[in-house]
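Good morning, colleagues. Please bring the sequence and the structure up on your screens, and I shall take you through them.

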Amino acid sequence: GAGLLDTPATDGLRITMIAAGLLSLAAALFVARAFPADLVRLLCISITRLLYRVRMVRPERIPADGGAMLLPNHVTYADAFFLATAVSRPLRFVMDESFNTIPAIRFASRVFETITIRRQQPIEAIRGVIDAMRHGTLICLFPEGQLTRTGGLCKLQRGFELISRKVGEPLVPVWCDGGWGSVFSYERGRFFGKSPRRETGTLYIAIGEEIDPRQATSARIRNGMRHAAADAITARFSQKQWTRRIPRRTDPRIARWFSNLDGESRRQCWANGHQIGMFDALPWHQPFHALKNDPVIDELPGLFGAFADLFSARPVLHDAFDGSRGGNWVGGDVLRQVLRHSDIRGTIHFHDFSAHADELFEQTNVLHLPGLAVGRRVISMSMADPPPPDDPVDPQHGRQPGSRGRLLPGWFIVDDADGRRWIGGPGTTDPGLPMPAGSTIDDEDFLFASTAPTDDPRSA
């Protein structure tokens, strides 16, 4: 009779493949049971890399070993996955328990041994963080305590200061640039339930300079995060193409003006357009309006040229103001004066870059949204107040009376030895752009300035 050696070659190969498959399945099940966090982390990183390109800026600033705390901004529900993808060391996250209402996050929190903070009983979580850092763990804590609904930086909570001083390990500010517009962000006025944007896909995660825990104040951490944002945006626009590119989705007048700029000025305009797009003041994929005779058009190339092109937000220039037309209008003293004497029937969002933008402007059907531009770059903008979350840590504001709006992501404050204040950011040279005289910044990044920007003494 036929024996085992008489089995056809194809049948033997089939048996071998089945046996190998069963062994692989058994090994996968064993790994999944023995190392669930590692498996889930591998799967999450693989999926994240399929959907997003993550670029690291200054990764050498992350301590190679020992305990430390990363302090990143918080724009999307996927920020933890972005950071886990980018950082080579394993991360242990600290998270507010309110996020556990989402099943997927609750599962990931359990698998990754996330330290959950209960607002009514934070001491237990703080002890857990201190213990983990003393044992050499790299902790990641989102100091805002909530997701931004404006794109800007929210007020920082104070828990990290207590932790850092108690354990004595370094703090590292972090900025993730490019998350606004993701389906996991609040862009378009809601989390989730929206189609992906073609403009999203590449994230730049910049690591800021390490901060001694003995000097860890909210103001110092906040400015460290702003510096990291500037590094991220600078890296995004570091390629040569940005010195040559001319906007396509804009008015021909603006494109012609843009073409007369030198290469570095164009790069700065593209960076500024991106900064505006990472903020919720002017929506993506929607037109905005201006008067043809308003000088602000030529004064804001980053807004009318670069932002319009990057985010498909076409500027519509009008010969005269039509009071029945609503929407977003951008202007300076010319538009401000026209609005004062117009019968406005549509709802207008007036983005005011006039010399008197911080002064009270009350007009029926007009939402006044002051902003500030220095050196042809938009520094700050206002927006309508976003709706509050169900369980807010602190309310998020889009505008404040007497302010020029909130600093756009990527700008930071520099105080020189003579007591002058400057604005640093992508493409600026030391010490930066001149701040308005007597200006102040609050803990929500609102800029208060009652006078126009001072002249740059270097140009005298």
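I begin with a sheet in this predicted model. It is an open sheet of three strands, in the order 13-14-15, and the pairing is antiparallel. Strand 13 and strand 15, the latter spanning 406–407, stand at the edges with a single partner strand each, so one side of each has no neighbour in the sheet. Strand 14 and strand 15 run antiparallel and are joined by two bridges. Within this part, Ser380 stands opposite Leu407 of strand 15.

The loop between strand 13 and strand 14 holds Arg376. Its phi is near 65°, a positive value in a residue other than glycine.

A word on confidence is in order here. The protein chain has a mean pLDDT of 85, and 83% of its residues reach 70 or more. Among the elements, strand 14 (residues 377–381) has the highest mean pLDDT, at 97, whereas helix 1 (residues 9–34) has the lowest, at 58. Over residues 1–5 the pLDDT is below 50, and this stretch has one contact in the model beyond near neighbours in sequence. Residues 454–460 also stay under 50, and there the model has 14 contacts beyond four places in sequence. Where pLDDT is low, the predicted coordinates should not be read in detail.

I turn next to the nonpolar cores. Which residues touch the most other members of the largest core? They are Phe288, Leu303, Phe304 and Met381, in a core of 50 residues. Two or more residues come from each of helix 8 (252–259), helix 9 (263–277), strand 8 (288–291), helix 10 (296–299), helix 11 (301–310), strand 13 (372–374) and strand 14. Helix 11 gives the most, with six residues. Apart from this core lies another, of 30 residues, which includes Val129, Met133, Val167 and Ala232.

Let us stay with Phe288 for a moment. Leaving aside neighbours within four places in sequence, Phe288 has contacts that include Leu282, Leu303, Phe304, Phe307, Pro315 and Val330. Phe288 also belongs to a cluster linked by ring pairs, together with Trp284, Phe304, Phe307 and Phe311. In the loop between helix 9 and strand 8 we find His285. This residue has a positive phi, near 60°, although it is not a glycine. His285 counts as partly exposed, at 37% relative accessibility.

How many aromatic pairs does a search of the whole structure find? The search finds twelve. I select the pair of Phe93 and Phe142, whose ring centres are 6.5 Å apart and whose planes lie at 10°; the pair is therefore stacked, the cut-off being under 30 degrees. Phe93 lies in strand 3 (residues 91–96) and Phe142 in the loop between strand 5 (138–141) and helix 6, so the pair ties together parts that are 49 residues apart in sequence. Both partners are covered: Phe93 is buried, with a relative accessible area of 11%, and Phe142 is buried, at 13%.

Just after helix 6, Gly168 takes a positive phi of about 75°. Helix 3 (residues 79–86) is mostly covered, with six of its eight residues buried. These are Asp79, Phe82, Leu83, Ala84, Thr85 and Ala86.

Finally, I come to a hairpin. Strand 16 (residues 412–415) and strand 17 (residues 421–424) pair in the antiparallel sense over four bridges. The bridge partner of Ile413 is Ile423, in strand 17. Five residues lie between the two strands, and Gly419 in the turn has a positive phi of about 85°. Pro431 is found in the loop between strand 17 and strand 18 (433–434). The peptide bond from Asp430 to Pro431 is cis, with omega near -5°.

Thank you for your attention.

Notes. Residues numbered from 1 in each chain as written. Predicted model: local features only at pLDDT ≥ 70, side-chain atom pairs only at ≥ 80, totals over all residues. Heavy atoms only, no water. pLDDT = per-residue confidence, 0-100. Contact = heavy atoms within 4.5 Å. Buried < 20%, exposed > 50% of the residue type's maximum accessible area, 1.4 Å probe, protein only. Pairing = 2+ DSSP bridges. Core = buried A, V, L, I, M, F, W, Y, C linked by side-chain atoms within 4.5 Å. Phe/Tyr/Trp six-rings, centres within 6.5 Å; stacked < 30°, edge-to-face > 60°.
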